[in-house]
Amino acid sequence: MKARFVVPVALFVALAFHAASAVTGTVRGVLTQPGVVWVSDGSPPPPPVEVQMSNSGKAFLPGAVVVPAGGSVRFPNQDPFFHSIYSESDADPFDIGFYDTGPGKVVAFPKAGVVAVRCHIHGSMHGTILIVDGPWVVTSQPDQSYEIQNVRPGKHILHVWTPADGEKTSEISV
Ligand SMILES: [Cu+2]
């Protein structure tokens, strides 16, 4: 399965701003498949951003999005029929009710975590929202390597998410 991720451009700008103001470290590694990696290091959150995850052809498009905690996700409905999506995940559960073709609805995600999204009407629909609370990176290198710069010194949790294995965490020292 080909992994597809969408990341908000504004976050890159915010992280570049943080880099100029503190002594920080770099975290490197190699994944076994394309995924998203981030470090919960207590960095101040970037300005809120809104990411889009469309409903198209009875599916979420893209199937996974990344948003910093405090941001939001809009769910435009591109299908000629209703959707009604929800999440029962521990982090940021929601149920936004029925909505027809059009701009859809917006959900805010104040807490970091991994949220599985489903639809009451279409049982096959499944999306993932990664709400992150620190420097992060989407791996795009052919060799699956990653490098996260501007991590604050200290003990932190490293998060690795892949479509096949979900989220795995480990403690690191920077
Ligand atoms: Cu649906």
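Two strands are said to pair if DSSP finds at least two bridges between them. In this predicted model, strand 3 and strand 14, the latter formed by residues 136-138, meet that condition, since they pair in the antiparallel sense over three bridges. Within this pairing, valine 37 stands opposite valine 137 of strand 14.

Strand 3, which covers residues 36-40, is also joined to strand 16 (residues 155-162), and here five bridges link the two strands, which again run antiparallel. The bridge partner of valine 36 in strand 16 is tryptophan 161. Strand 3 is mostly covered, as four of its five residues are buried.

The largest nonpolar core of the model contains 32 residues, and those that touch the most other members are Val65, Val67, Val73, Ile129, Leu130, Ile131 and Val132. Among the elements that give two or more residues to this core are strand 3 and strand 16, together with strand 7 (64-68), strand 8 (71-77) and strand 13 (126-132). Strand 11 (102-109), strand 12 (113-119) and strand 15 (145-151) likewise each contribute two or more residues.

Aspartate 90 and alanine 116 are 26 residues apart in sequence, while their C-alpha atoms are 9.7 Å apart in space.

Notes
Residues are numbered from 1 along each chain as its sequence is written. This is a predicted model: local features need pLDDT of at least 70, side-chain atom pairs count only at pLDDT 80 or more; totals for chains, interfaces and linings use all residues. A residue is buried if 20 or more other C-beta atoms lie within 10 Å of its own, exposed if 12 or fewer, and partly exposed in between; C-beta atoms are placed from the backbone. A nonpolar core is a set of buried Ala, Val, Leu, Ile, Met, Phe, Trp, Tyr and Cys residues joined through C-beta atoms within 7 Å.
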